[in-house]
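Please keep the sequence and the model in view while going through them.

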Amino acid sequence: MRARLDRGAWLHALPIEFPPLRDVEAFLAEMGARLSRPFQCVRQEAIASPLQLLLGAAQAYEAWRSGSAYAKRLEIELLLRIAATSQVEEALRRVGLRPGSRRAWLVALSLSPRAPSTQPLARPLTLSSVERPPLEGLLRAYGVKREALRAYLLLGADEHDALAYHLCELAALELARR
């Protein structure tokens with residue numbers, strides 16, 4: 001998925017697959033060295049829909065561009081917005097990679113319309129298919145009650161997209177209070 005955020009900024013979200021992680025920090029350091037742009041890798045099973053990534057990244061970019069970001073680094077602001085929290089530890093618990101992780105969303109922001117390359121990585125990395133995780137597990141992980149999705153469902157969103165919209169709204173509200 002690729003979306004233009006403004007005249008020069010692009011969001012790239014790629015579902016990726018790799019051998020089970022042993023060292024999350026080493027994997028992220030390698031990704032950072034290869035990508036040379038703000039990015040996050042989040043567990044696929046922690047994301048309600050690609051809309052959650054798009055809305056979170058758009059919020060993070062706009063907050064960063066306007067000088068109202070909560071975090072000092074765009075990568076952290078991206079993590080907080082996607083996870084709908086102002087606490088880094090909570091964001092990592094909700095969406096962060098873990099030892100044994102095999103599938104993730106690679107979310108990168110760039111000033112070029114070109115998608116971030118997955119080819120030069122030393123470890124095997126391929127694009128993966130995306131399976132929507134069970135809604136009940138996501139609701140528990142984010143502490144959201146099903147009733148909170150009703151307004152979005154009335155607008156025609158499916159349940160996973162409704163949760164993505166709701167999380168985006170929660171992130172905006174929580175980070176605005178800080």
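1. For the linings discussed below, Ala, Val, Leu, Ile, Met, Phe, Trp, Tyr, Cys and Pro count as nonpolar, Asp, Glu, Lys and Arg as charged, and the others, Gly among them, as polar. The structure itself is a predicted model.

2. The overall fold may be described first. The chain contains 7 helices and 5 strands. Read from the N terminus, these elements follow the order β-β-α-β-α-α-α-β-β-α-α-α. Of the contacts with a separation of 6 or more, 75% are between residues 24 or more positions apart.

3. The surface and the interior deserve a separate remark. Of the 178 residues in the chain, 47% are buried. The chain exposes about 9200 Å², and 54% of this area is supplied by carbon and sulfur atoms.

4. The largest pocket has a volume of about 280 Å³. Two or more residues of its lining come from each of α1 (24-35), β3, α3 and α4. The lining consists of 13 residues, and those nearest the centre of the pocket are Leu28, Gln40, Ile76, Leu79 and Leu92. By class, the lining residues are 9 nonpolar, 2 polar and 2 charged.

5. Which of its residues are buried? They are Ala91, Arg94 and Val95. These residues lie on the same side of α4, because they cover an arc of only 70 degrees around the axis. The cover over the buried residues of α4 includes β3 (39-43), α3 (74-83) and α5 (135-142).

6. Ser49 is found in the loop between β3 and α2 (50-66). Is Ser49 buried or exposed? Its relative accessible area is 3%, so Ser49 is buried, given that the term applies under 20%. Leaving aside residues up to four places away in sequence, Ser49 touches Arg132, His160, Asp161 and Ala164.

7. Ser49 also takes part in lining the largest cavity, together with Ile47, Ala48, Pro50, Trp105, Val130, Arg132 and Pro133. This cavity has a volume of about 30 Å³, and the structure holds 1 cavity of 30 Å³ or more.

Notes:
Residues numbered from 1 in each chain as written. Predicted model: local features only at pLDDT ≥ 70, side-chain atom pairs only at ≥ 80, totals over all residues. Heavy atoms only, no water. Buried < 20%, exposed > 50% of the residue type's maximum accessible area, 1.4 Å probe, protein only. Helix = DSSP H or I, 4+ residues; strand = E, 2+ residues; numbered from the N terminus. Arc of directions from axis to C-beta. Contact = heavy atoms within 4.5 Å. 1 Å grid on protein atoms, 1.4 Å probe; cavity = no way out; pocket = protein on both sides within 12 Å on 5 of 7 lines; lining within 4 Å. Points joined across faces, edges and corners; volume = space filled by probe spheres on them. Areas by Shrake-Rupley, 256 points an atom, 1.4 Å probe, with all protein chains shown as cover.
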